[in-house]
Amino acid sequence: MLKIFIINALSDNYIYLLRNEQKNLTSVIDPGEAEPVIKFLNDENWHLDEIINTHHHNDHIGGNDKLLSVYKSKLIAPSYEKNRISNVDIFVSDNENVNIAGVSTNVIHTPGHTLGHVCFYMPKEKCLFSGDTLFYLGCGRVFEGTIGQMWLSLVKLRSLPDETTVYCGHEYTLSNMKFANYIESNNPLLNKVSLDIKNKREKGLPTIPFNLGIEKKINPFLRADDDDFIQSVGLRTNNASESFGKIRLKKDNF
Ligand code: ZN
Ligand code: FE
């Protein structure tokens with residue numbers, strides 16, 4: 001059984017530390033900085049076997065070099081970002097299978113936020129590391145790809161089983177929640193989830209991880225092809241991708 005620890009980093013990043021006790025393997029996903037990871041590993045007396053990156057932004061790879069020099073870990077990163085991330089040992093591409101902390105993991109290419117962004121899905125553990133593609137009640141800003149690409153990337157993630165537990169790259173939940181409620185005030189499930197989110201943030205607790213099945217019903221960015229939803233929020237266009245673009249733009253200016 002894989003244990004997943006959440007490490008706070010920078011202003012609102014989450015670094016995930018994965019520990020496989022049986023195989024004595026430890027991995028870290030998206031170390032935006034090295035120090036909090038080193039401290040955690042020292043406290044537990046664990047070695048760092050692998051570093052995994054979802055995309056090239058510095059708040060996700062900033063700790064790579066320091067960690068590599070201390071632990072000589074293996075660095076696993078998307079092949080599509082090979083010119084943007086250095087010292088990579090294992091490049092991964094869409095649909096490939098890779099072992100992370102000894103656990104079989106599917107690589108899902110999700111261009112949009114960056115062109116080479118990938119997410120990591122562990123079918124047996126039923127968990128997804130979504131980087132800056134899918135956030136709790138939100139999605140990443142579209143920096144390098146097109147709106148159409150980002151929409152298709154989210155549709156890919158949405159096709160994963162409802163019981164999937166999602167670990168995303170940032171604690172953006174409160175602001176995403178405000179936007180979700182602003183455009184859709186009459187969604188009882190969203191209202192219920194919002195209370196839980198407020199509660200957690202008031203106590204300074206992470207709102208992560210979250211359940212994908214519920215997310216499919218409350219995240220506006222996952223429902224651009226839901227006619228009733230899109231009609232009720234007045235964002236109907238010619239197609240889902242365009243409607244998604246409208247929601248994204250509304251959030252960018254929120
Ligand atoms: Zn990013
Ligand atoms: Fe980020």
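The model is predicted. An iron ion (ligand 2) and a zinc ion (ligand 1) lie 3.1 Å apart. D132 coordinates both ions. The largest cavity holds about 40 Å³ of space.

**The iron site**

- The iron ion (ligand 2) is coordinated by D59 (OD), H60 (NE2), D132 (OD) and H170 (NE2). The distances run from 2.1 to 2.3 Å.
- Along the chain, the donors of the iron ion (ligand 2) follow the spacing D-H-x71-D-x37-H.
- The four donor atoms around the iron ion (ligand 2) subtend angles of 84 to 168°, so the arrangement is irregular.
- D59 lies in helix α2 (residues 58–61). D132 lies in the loop between β10 (127–131) and β11 (134–135). The two residues are 73 apart in sequence, so the pair ties together separate parts of the chain.

**The zinc site**

- The zinc ion (ligand 1) has four protein donors: H55 (NE2), H57 (ND1), H113 (NE2) and D132 (OD). They lie 2.2 to 2.3 Å from the zinc ion (ligand 1).
- In sequence, these donor residues are spaced H-x1-H-x55-H-x18-D.
- The site of the zinc ion (ligand 1) is irregular, with angles of 85 to 172° among its four donor atoms.

**The bridging residue**

- D132 bridges the iron ion (ligand 2) and the zinc ion (ligand 1).
- D132 is buried, with a relative accessible area of 3%. The cut-off for buried is under 20%.
- H57 is buried as well.

**The cavity**

- The count comes to one cavity of 30 Å³ or more.
- Residues lining the largest cavity include Y14, Y16, I29 and D30. Also among them are T54, F129, S130 and G131. Y167, C168 and G169 belong to the lining too.
- β10 provides the largest share of the lining, three residues.
- By class, the lining of the largest cavity has six nonpolar, four polar and one charged residues.

Notes
Residues are numbered from 1 along each chain as its sequence is written. Chains are lettered from A and ligands numbered from 1 in the order in which they are written. This is a predicted model: local features need pLDDT of at least 70, side-chain atom pairs count only at pLDDT 80 or more; totals for chains, interfaces and linings use all residues. Side-chain values use heavy atoms; hydrogens and water are left out. Donors are N, O and S atoms within 2.8 Å of the metal (3.2 Å for Na, K and Ca); water is not among the atoms, so sites may look incomplete. Four donors count as tetrahedral if all angles lie between 85 and 135 degrees; four count as square planar and six as octahedral if opposite donors are over 155 degrees apart and all others between 65 and 115; anything else is irregular. Helices (H or I, at least four residues) and strands (E, at least two) are DSSP runs, numbered from the N terminus. Buried means under 20% relative accessible area, exposed over 50%, partly exposed in between (1.4 Å probe, protein chains only). On a 1 Å grid over the protein atoms alone, a cavity is a set of points where a 1.4 Å probe fits but cannot get out, and a pocket is an open set with protein on both sides within 12 Å along at least five of seven lines; lining residues have an atom within 4 Å of a point. Grid points are joined across faces, edges and corners, and a volume is the space filled by probe spheres set on the points. Ala, Val, Leu, Ile, Met, Phe, Trp, Tyr, Cys and Pro count as nonpolar, Asp, Glu, Lys and Arg as charged, and the others, Gly among them, as polar.
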